Amino acid sequence: MRDHDVAILGVGMHPWGKWGRNFVEYGITAARAALDDAGLTWSDVDFVAGADTIRNGYPGFIAGSTFSQALGWRGNRVASCYAACASGAQALDTARAHILAGLCDVALVVGADTTPKGFFAPVGGDRPDDPDWLRFRLLGATNPTYFALYARRRMELYGATPEDFAQVKVKNAKHGLANPNARYRKAVTVDDVMASPIVADPLRLLDICATSDGAAAIVLASMDAARRHTTNPVKIRAISTVTPTFPQTIIEMPNFATDSAAAVAPPERSFKDAIAWAAYEQAGIGPEDLDVAEVYDLSTALELDWYENIGLCKPGEAERLLRDGETALGGRIPVNPSGGLACFGEAIPAQALAQVCELTWQLRGHAGGRQVEGASVGLSCNQGLFGHGSSVIVVR
Amino acid sequence: MAAVDRPKTKPRVPAVDGWFTLDGDDGPALIGSRCQRCGTYSFPKQLNFCPNPACTSQDFDEVELSRHGRLWSYTNNCYQPPAPYVPPSGGFQPFAIAAVELEAEQMVVLGQLTAGVDVSELHVGQDVVLVVETLFEDDEAEYLVWKWRPIEPDATSGSAPRDQETHDA
């Protein structure tokens, strides 16, 4: 679908960490970096799409307006998007739709977060109608609880071992050494992972991504507008933000139960398969066309699931792919050259945008010590609470 | 404090209203709903709309879900979860959490495993039965929640003759 391409003119990030400052500061740093990268100024922007954070008060819920005000009101149009971990991709999709509809030429997409220490907790107050509140109250079910249920299931179905999970961390930690925006830049061994405390059996502390502060921003433009600035931009060819299809038979955060398959048989493709497949269909390509992928390693075990969900291998073959080094830098299809969530920790509304920033640098050949040689097609994917997920395909 | 005579029993109330029964001839049960038109189950109960996209029914029955199921997966909490989780009165102790497959309903339902169950005793596919246990307490009441208790196929003695019966059945 080349006639639906939009150009990525600029990308920028505020380094991930635990900086303890207001999320708006991070967002503006990333936005200015993306504008500089594009060779544009704030006055060139027609539309701002903000990815919302639900844990920073009202300004977090109206991110499009918050970042516009911080850059200086100019009468531009705004949108604010919440889709849990996929918020950034949904904001990107909103900007893309405005461009493709001819409603604007240049759009700025920004996501930023400031996170608490430790487990993500629900928004405060007594809310006994909110499943995200109730799961903590009635079950004590944290996010790693769900990650661990998937990990145990993978061990049962495919014979994955805790050492396999640890090898994902080892690989991603190595990749992240060369990423100046990563929070953790330290080599990790299997022994390090296995010596870290169990948080949610079978997952250990080093199997589970941290929560981080950080920001990412992207300047998008119509192909016509882009031609005035560059001859060979990285292009977005597909964005998928599909919901599950009923009945979703894999337990979803923050739910208490899956859908019932008593009346309707489960769909052919699982939700996570469908997220990537919708992007492949939109782009008119398949997994065999990929050079690089950024997947959502909320846990090490989940990265293995993603190999199968995005079609890099058949179900049950992800461990072999990992052990053979095919998903490491230098392998057939490097996954998470950025270092992934293992090296970043999750800054929710920024994370899906950070994935696209990384793919952009990879396709430009600007990724330095973590460069995937000759990369020209990249895919990102992620999944979050309440049936949200996204996948973005970029080409050059 | 020590001089005050406190009542020995506090009221025992569900930690959430309308999600499970406390007793019954066959023991406690989760309360779900079933669509009168297409037969889709929901938990928690859903009495306003059917999650099946092909169904526009507005008529649902409240139903008790299967009391027995099989472990689809399991894990534990080695660290105390953040609020609104409330630790038990004796302080936080690691506890196990189950995802349980219910055959008739064709769905997976979460729940804590009963206190004291260690993940090393568990395996995927294992039979479990629904029970009600204390979740936490305060000065006013003891708050109850549903939990899953593993059933050992070869259990010959101990706590639960009914479990063994149902396992054999």
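Modeller: A:Asn336 lies in the loop between helix H12 (318–323) and helix H13 (340–344) of chain A, where helices (H or I, at least four residues) and strands (E, at least two) are DSSP runs numbered from the N terminus. Its phi is near 55°, a positive value in a residue other than glycine. Most residues other than glycine have a negative phi, and most peptide bonds are trans. The model is predicted, so local features need pLDDT of at least 70 and side-chain atom pairs count only at pLDDT 80 or more, while totals for chains, interfaces and linings use all residues. Residues are numbered from 1 along each chain as its sequence is written, chains are lettered from A and ligands numbered from 1 in the order in which they are written, and side-chain values use heavy atoms, with hydrogens and water left out.

Chain B has backbone features of its own. The peptide bond from B:Phe43 to B:Pro44 is cis, with omega near -5°, and B:Pro44 sits in the loop between S3 and S4 of chain B. A cis bond also links B:Ala83 to B:Pro84, with omega near 15°; B:Pro84 belongs to the loop between strand S5 (68–77) and strand S6 (95–102) of chain B.

Five bridges connect strand S2 (residues 31–35) of chain B with S4(B), and the two run antiparallel. Within this pairing, B:Ser33 has B:Glu62 as its bridge partner in S4(B).

In chain A, nine strands form an open sheet of mixed pairing in the order S3-S2-S4-S7-S1-S8-S11-S10-S9 (chain A). Its edges are strand S3 (77–81) and strand S9 (292–294) of chain A; each has a single partner strand, so one side of each is left without a neighbour in the sheet. Neighbouring strands are turned by 25° against each other on average, direction ignored; axes are lines fitted to C-alpha atoms, for helices over the stretch in contact, and angles run from 0 to 180 degrees between N-to-C directions. Strand S1 (residues 6–17) and strand S8 (residues 234–240) of chain A run antiparallel and are joined by three bridges, with A:Ala7 partnered by A:Lys235 in S8(A). Helix H4 (residues 87–100) of chain A packs on this sheet, touching strands that include S1, S3 and S8 of chain A (contact: heavy atoms within 4.5 Å), and its direction makes about 160° with that of S2(A). Helix H10 (residues 271–283) of chain A also packs on the sheet, touching S8, strand S10 (377–384) and S11 of chain A, and its direction makes about 30° with that of S11(A).

The two chains meet through 38 residues from chain A and 44 residues from chain B. Between chain A and chain B there are 13 residue pairs in polar contact, both residues at pLDDT 80 or more (a pair of N or O atoms within 3.5 Å; within protein, one must be able to donate a hydrogen and the other to accept it, and residues adjacent in sequence count only if both atoms are side-chain atoms). Helix H5 (131–139), helix H6 (143–158) and strand S5 (198–200) of chain A each supply at least two residues of the side of chain A that touches chain B. H6(A) gives the most to that side, with seven residues.

Definitions and conventions. Pairing = 2+ DSSP bridges.
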